[in-house]
Amino acid sequence: MDNGAGDYVYDEESGEWLSPEDAATQSSGPEVVDAVGNILADGDAVTLIKDLKVKGAGQTLKRGTLIKSIRLTGDAQEIDCRHEGIKGLVLRAEFVKKRS
């Protein structure tokens, strides 16, 4: 007879024991939303909603620029992305809109 003691999962981040249902719904990080409130996920494509000067690169990314395959950083306000000629580009989510 199983008393259910082995069903709970320890969440190191919160320090609590969670039921399997709670552990499945527990997100791996903060929810990242774009400028209009769409939820972003790894691999999404986004477009810029305003011109952005890129510090250290000496160039400006224009409004409407498509950024493909973003990665979430674990910070609710920042996304990691790639763009030709710019290494290590990190954008704030408030300046992008999810491409549908």
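Me: How many salt bridges does the rule give here, and how should I read them?

Reply: Side chains of opposite charge can pair when their charged atoms come close. The rule asks for a side-chain nitrogen of Lys or Arg within 4 Å of a carboxyl oxygen of Asp or Glu, and by this rule the count comes to 3 salt bridges. Please keep in mind that this is a predicted model, in which local features need pLDDT of at least 70 and side-chain atom pairs count only at pLDDT 80 or more, whereas totals for chains, interfaces and linings use all residues. Residues are numbered from 1 along each chain as its sequence is written, and side-chain values use heavy atoms, with hydrogens and water left out.

Me: Which residue meets Lys-98 in a salt bridge, and where in the chain do the two lie?

Reply: The partner of Lys-98 is Asp-44, with an N to O distance of 3.6 Å. The pair links distant parts of the chain, since Lys-98 belongs to strand β10 and Asp-44 to the loop between α1 (20–25) and β3, 54 residues apart. Helices (H or I, at least four residues) and strands (E, at least two) are DSSP runs, numbered from the N terminus. For burial, the classes are buried under 20% relative accessible area, exposed over 50%, and partly exposed in between, with a 1.4 Å probe and protein chains only. Lys-98 is partly exposed at 30% relative accessibility, while Asp-44 counts as buried at 15%.

Me: What are the other pairs, and are their residues buried or partly exposed?

Reply: Arg-71 forms a salt bridge with Asp-80, the closest N and O atoms being 2.7 Å apart; Arg-71 is partly exposed at 40% relative accessible area, and Asp-80 is buried at 18%. Arg-92 and Glu-94 meet through their side chains at 2.8 Å, N to O, with Arg-92 partly exposed at 33% and Glu-94 partly exposed at 42%.

Me: In which strand does Arg-71 have its bridge partner?

Reply: Here the word bridge refers to strand pairing, and two strands pair if DSSP finds at least two bridges between them. The bridge partner of Arg-71 is Asp-80 in β8, and Asp-80 is also the residue with which Arg-71 forms a salt bridge. Strand β7 (residues 71–72) pairs with strand β8 (residues 78–83) in the antiparallel sense over 2 bridges. The hairpin of β7 and β8 has 5 residues between the strands, and Gly-74 in this hairpin takes a positive phi near 100 degrees.

Me: How many bridges join β8 to strand β9?

Reply: There are 5 bridges between β8 and strand β9 (residues 86–92), and the two run antiparallel; across this pairing, Glu-78 has Arg-92 in β9 as its bridge partner. The hairpin of β8 and β9 has 2 residues between the strands, with Gly-85 at a positive phi near 85 degrees.

Me: In what order do the strands of the open sheet stand?

Reply: The 3 strands of the open sheet have the order β6-β3-β10, with antiparallel pairing. Because β6 (66–67) and β10 (96–98) stand at the edges with a single partner strand each, one side of each is left without a neighbour in the sheet. Strand β3 (residues 46–48) is joined to β10 by 3 bridges, and Thr-47 has Lys-97 of β10 as its bridge partner.

Me: Which residues of the largest nonpolar core touch the most other members?

Reply: A nonpolar core is a set of buried Ala, Val, Leu, Ile, Met, Phe, Trp, Tyr and Cys residues joined through side-chain atoms within 4.5 Å. Of the 16 residues in the largest one, Leu-40, Val-46, Ile-70, Ile-79, Leu-89, Leu-91 and Val-96 touch the most other members. Strands β3, β4 (52–54), β8 and β9 each supply at least two residues of this core, and β9 gives the most, with 3 residues. Taking contact as heavy atoms within 4.5 Å, and not counting residues up to four places away in sequence, Val-96 touches several residues, among them Asp-34, Leu-40, Val-46, Ile-79 and Leu-91.

Me: What share of the whole protein chain is buried?

Reply: Buried residues make up 26% of the 100 residues in the protein chain, which has 1 helix and 10 strands.
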